[in-house]
Amino acid sequence: MSRQLEFDIFRYNPQEKGSVPHMQTFVLDETENMTLFIALNRLREEQDPGLIFDFCCRAGICGACAMVINGRPGLACQTKTIDLPERITLLPLPVFKLIGDLSVDTGVWFREMYQSTESWVHTTKVFDANAIEERMENEVAEQIYELERCIECGCCVSACGTARLRDDFLGAAALNRVARFVVDPRDQRTDRDYFEIIGNDEGIFGCMGLLGCEDVCPKGLPLQNQLGFLRRKMGITAIKEIFRK
Amino acid sequence: MQTYYSDLLVIGAGLAGERVAVEAAQDGFDVICLSIVPARRSHSSAAQGGMQAALGNCAKGEGDNVDVHFGDTVRGSDWGCDQEVARLFADAAPIEMRRLAHWGVPWNRVVPGKSFYFKGGEKFEKEEKEEKRGLITARSFGGTAKWRTCYTSDGTGHAVMCTMDNRCAELGINVFDRKEAISLIHDGDVCTGAVVRCLRTGELEVYLSKATAICTGGFGRIYKATTNAVICDGGGHIIAHDTGVVPIGNPEAIQFHPTGIVPTDILVTEGCRGDGGTLLDVNEERFMNIYEPEKAELASRDVVSRWMTHHMRQGKGVKSAYGEHLWLDIRHLGDKHISTKLREVDEICHHFLNVDPRKQLIPVRPTQHYTMAGVRTDKDGAVYGLKGLFSAGEAACWDMHGFNRLGGNSLAETVVAGGIIGRKISEFLQGYETDFKTSLVSDAVRKQQDRMEKLASGAKGKENVYKVREELQNALMDGCFVFRNDAGLKSCIDTLQGTLEKARKVGLVSSGAGANHEMAAALKIEGQVKLGLCIAKGALERTESRGSHNREDYTARNDKEWLNRTLAYWREGADMPELQYEDATPCYEIPPGDRGYGGGSIIEADKAGIEAKTIKK
Ligand SMILES: Cc1cc2nc3c(=O)[nH]c(=O)nc-3n(C[C@H](O)[C@H](O)[C@H](O)COP(=O)(O)OP(=O)(O)OC[C@H]3O[C@@H](n4cnc5c(N)ncnc54)[C@H](O)[C@@H]3O)c2cc1C
Ligand code: SF4
Ligand code: SF4
Ligand code: FES
């Protein structure tokens, strides 16, 4: 046991005068069951309190700690050092705006996504506090939940070639979000309404189908199935649109 | 300096904060929510189990109603709760779950027909009725008479949090993330907003508002071992307490859970023991059956936590780089059971421990889990001491939990209390006018600016904030954990007095510029030590055992003297909290009695006094 780990960490604090982007090396003794959460906190508390990174739940459920770990986007809290070589390179996620060191601004990106996909149930029904709930088949509920499991970590976006090339591309997380409402019978939007949102190159037709997103999703969401599902649906809607004109 | 105005400023965008915001926004008020992290990363999203509401739709929930739920909640609280509040809660919970369904929560639904379930490792059969098909179903949780816990698969908190945040987006509520409130703006009588540090730039900002709501969740992080997220660090409690006029209610009421994994203290579900898992010591021998022959591993959370701690004190703990622990053994449950019924536990073991629970033992220890303690409010959510200040959710001591909250009752509290208190805030805002005094605002900002400069320059000293925090965390683990006694509490207070001195002399090692974490930690360390002292002092004075507060030297629940709630104030310049007490509840629907679990004797209250406050139906 007890390897000596070498961490190569990206450093840059835009708010600090004279700070320039560079890599910095730290050395740390490995302990049993060490995760990157434990390692990074020890580095900050024992070696460099200026180190900037994000953790929240530290249990793989909130999505705060995504970063590029030895070349691959993933959640730092659920990455065990024992699964990594002695030399570990940590970089911030690309695509998102950098806050400092390993921390990026996923919050603003995702909030804009909610607005552009109108990420809420669209219904004309009014809630009646005195009535019992509307019924729903359990299978449908489970299907919706399966698509709602996204923790907005941003891994899929940062692994996506299209998202890196064009910053108006919605990305797999957003398309998955739309799919969540498409399968929800409570949402009264039609295919044409969804087409308005995603039926273009920023949306479903910009995706090159290269699978980068699904490969890195820490929640194992079936992103490819959803992209295929929407592409077919939107393709049909597009054809209908052409004939209407 | 950036200044923002709103009718309502909600500090905290977890379920409670966003539910409050939605209610006020629906009434046409202008609302801003602040959060340290994007709202959906709030700790509410970590809750997997579910939320309680007496819908009575599923077979094992038949006959459930709001009265039964109310009774469970009062008993669960060990009669420490405000019964008026528990009543408001139980009555509104079913409506609130249906409202969530309307907004988009994919609740699991009743599936008619026969199915199996496990209890204590044994298999039973139940049959769901056709007429209930598609209604919201429920699962079983500890301490409840009926199956009452509504859920969505293994991600209830996540699903409800998504829906609530979507609702905020729909209503156009401004939810700003990476913003941390570091002090309230007030004149000793009225609260008019907060000074906030932007966690992107490190700059200070001002948020002025007619009403302010503290919904910042629990403060488990002042303990070394906790299931809470790293942002559950008491920021909201600290800024309220710091005013000197706002009390923390029942600081000694802290809940512990038996099975946090070591090292990271992530929770593994009670279901492990429910399904027949056992606890083993350093010799890989069972011990719960010695202490609790009847219930063994299945005794209540607090009881199991207590015996585990006791056993480790007897030298039977397993030593590790992260301190002592015990083992949880689910190997005998077999592959099929583990990969279906305990899938989430299997994943946690895999991701965080490199352990295959089919073949290996899981390292566990009792862990801080929930703070019943909180910013004391009345039943409308109005905080004691400052007009215009409200609080809801785990941050608040609204007090439906008393000295022990039931599983599934806190997630439900966030939305139920959020709804009720949001409406009360709306009523308050109706026609309310206030003055924003510029001198008050600039004083408040200057004070924080000054603190930050002193911390960065080390003008007050060079104590390392992380070392001071560790001292606090360890002192609480030693003296204010599962077991408490006179000697331990006194020595904890002694230690913490020294820690407080050090906290006041913290200086940064780094520059503190930008999104610097050391600065965030330093800004709240003194307040955290004060919270620790409130817990220790409250626990020392309370010479009885009630719910999670367990005194080895006073094992009985003493209703004669302690049927009350602690209020801990911290006056300006003081080195210790000032404790006051108020009656636990203004009235009784259920007079104090035996909980039916947890054991222990009761010193009865004066009968006539109880009688006089009992509601006759
Ligand atoms: C592992 C775990 C499992 C649980 N499972 C269940 C369960 O199954 N059922 C159940 O009923 N309960 C459960 N609970 C308890 C329940 O999840 C919490 O009590 C509840 O979610 C708290 O919600 P909240 O809205 O009050 O606070 P939180 O969700 O914690 O939100 C707090 C908010 O405040 C913000 N904040 C904090 N400080 C500041 C500041 N200074 N300035 C600005 N913003 C700030 C945060 O960013 C966050 O947005 C569980 C708890 C844990 C730890
Ligand atoms: S499949 Fe589409 S969304 Fe996924 S990474 Fe490739 S281009 Fe991006
Ligand atoms: S879809 Fe997967 S990878 Fe993308 S943000 Fe959601 S959880 Fe992360
Ligand atoms: S910290 Fe929440 S997923 Fe890693």
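**Notes on the predicted model**

1. Ligand 3 sits in the largest cavity, where a cavity is, on a 1 Å grid over the protein atoms alone, a set of points at which a 1.4 Å probe fits but cannot get out, and where a molecule sits in a cavity if more than half of its atoms lie within 2 Å of its grid points.

2. This is a predicted model, in which local features need pLDDT of at least 70 and side-chain atom pairs count only at pLDDT 80 or more, whereas totals for chains, interfaces and linings use all residues. Residues are numbered from 1 along each chain as its sequence is written, chains are lettered from A and ligands numbered from 1 in the order in which they are written, and side-chain values use heavy atoms, with hydrogens and water left out.

3. The surroundings of ligand 3 include A:C150, A:C153, A:C155, A:C156 and A:C217, together with A:E152 and A:P218; a residue is near a molecule if one of its heavy atoms lies within 4 Å of it. The shell around ligand 3 consists of 9 nonpolar residues, 1 polar and 1 charged, on a scheme in which Ala, Val, Leu, Ile, Met, Phe, Trp, Tyr, Cys and Pro count as nonpolar, Asp, Glu, Lys and Arg as charged, and the others, Gly among them, as polar.

4. Around ligand 2 the shell includes A:C160, A:C207, A:C213, A:M208 and A:Q224. Helix 8 (212-216) and helix 9 (223-244) of chain A are the elements that give two or more residues to this shell; helices (H or I, at least four residues) and strands (E, at least two) are DSSP runs, numbered from the N terminus. The shell around ligand 2 holds 8 nonpolar and 4 polar residues, with no charged residue.

5. Chain A as a whole has 9 helices and 7 strands, and its C-alpha atoms fill a box of roughly 65 × 45 × 35 Å along the principal axes. Of its 245 residues, 57% count as buried, buried meaning under 20% relative accessible area, exposed over 50% and partly exposed in between, with a 1.4 Å probe and protein chains only.

6. In chain B, strand 1 (residues 2-11) pairs in the parallel sense with strand 10 (residues 204-214) over 9 bridges, two strands being paired if DSSP finds at least two bridges between them; within chain B, B:T3 stands opposite B:V206 in strand 10. Strand 1 of chain B also runs parallel to strand 2 (residues 31-34) of chain B, to which 4 bridges join it, and B:I11 stands opposite B:L34 in that strand.

7. Strand 1, helix 1 (residues 15-26) and strand 2 of chain B make a right-handed β-α-β unit; a crossover is right-handed if, with the strands pointing away from the viewer, the path from the first strand over the helix to the second runs clockwise.

8. A:E118, in the loop between helix 2 (106-117) and helix 3 (138-148) of chain A, has a positive phi near 50° and is partly exposed at 33% relative accessibility. B:N250 has a positive phi near 40°, lies in the loop between strand 11 (248-249) and strand 12 of chain B, and is buried, with a relative accessible area of 1%.

9. A cis peptide bond joins B:V262 and B:P263, with omega about 10°, and B:P263 lies in the loop between strand 12 (254-261) and helix 6 (271-274) of chain B.

Key: 1 Å grid on protein atoms, 1.4 Å probe; cavity = no way out; pocket = protein on both sides within 12 Å on 5 of 7 lines; lining within 4 Å.
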